[in-house]
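Hello,

Here is the structure we talked about handing over. Please take a look, then read my notes below.

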Amino acid sequence: MMNRFEALWDEFYEEVPIWQTNFLPGKLSGFYDYDGIFLKNNLTQNKYHCVLAEELGHFKTTLGNIVEQKTIRDRQQEIIARRWGHKKIVTLDNLIECYEKYITTVEEICAHLEIVPEFLEECLVHYRQQYGQDIFYKDYLIILDPLDIKRKKDSPKKGVPTLDS
């Protein structure tokens, strides 16, 4: 059975070449250019998963070289790529799955989703920025800070975003 990192790699291997290497610019853990995605050797499995998600975000959303982060446009593209990676591997459905399996601590969530704690925190910040503190989604109330999930059978509270499609 594939772990989540391998499954993500497998999902995109036909679209973009992915290599592991020791030769990356600066202190980067990952790098995307038109030749493919390069991942630094010797990362933990969970860190590989997070870095690959972000670099796939660059593959899907970035135009040009933004490594130097010289312009506002470069920084905006970096944020867009990171958010793509967040949404790819830490979905609201993933958070509900953790809740349903009684996986509640940051450590347990990270272990289950095969991510590092910093990535989870970035995801939660991103979701707060996009949706606000509370999200009503698929009969659940997801409170983002501190992370808490409650099953709701009632209609959503007034003013709480509903994301059901």
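Which strands does helix α6 lie across, and at about what angle does it run to β5? Helix α6 (residues 117–131) lies across β4, β5 and β6. Its angle to β5 is about 110°. Bear in mind that this is a predicted model.

The sheet

The three strands form an open sheet. Their order is β4-β5-β6, and the pairing is antiparallel. The edges are β4 (134–137) and β6 (147–151). Each has a single partner strand, so one side of each is left without a neighbour in the sheet. From one strand to the next, the twist averages 15°.

Strand β5 covers residues 140–144. β4 and β5 pair over four bridges, in the antiparallel sense. Y137 stands opposite Y140 in β5.

Now α1 and α3. Helix α1 spans residues 4–12 and helix α3 spans residues 72–89. Their axes come within 12 Å. They cross at roughly 115°. Angles of 65 to 115 degrees count as roughly perpendicular, so α1 is roughly perpendicular to α3. The crossing is right-handed.

On the α1 side, L8, E11 and F12 make the contact. On the α3 side, the residues are W84, K88 and I89. By type, the contact residues divide into four nonpolar, two charged and no polar.

Best wishes

Notes: Residues are numbered from 1 along each chain as its sequence is written. This is a predicted model: local features need pLDDT of at least 70, side-chain atom pairs count only at pLDDT 80 or more; totals for chains, interfaces and linings use all residues. Side-chain values use heavy atoms; hydrogens and water are left out. Two strands pair if DSSP finds at least two bridges between them. Helices (H or I, at least four residues) and strands (E, at least two) are DSSP runs, numbered from the N terminus. Axes are lines fitted to C-alpha atoms, for helices over the stretch in contact, and angles run from 0 to 180 degrees between N-to-C directions. Contact means heavy atoms within 4.5 Å. Angles under 35 degrees count as roughly parallel, over 145 as roughly antiparallel, 65 to 115 as roughly perpendicular and the rest as oblique. A crossing is left-handed if the near helix is turned anticlockwise from the far one by less than a right angle, and right-handed if clockwise. Ala, Val, Leu, Ile, Met, Phe, Trp, Tyr, Cys and Pro count as nonpolar, Asp, Glu, Lys and Arg as charged, and the others, Gly among them, as polar.
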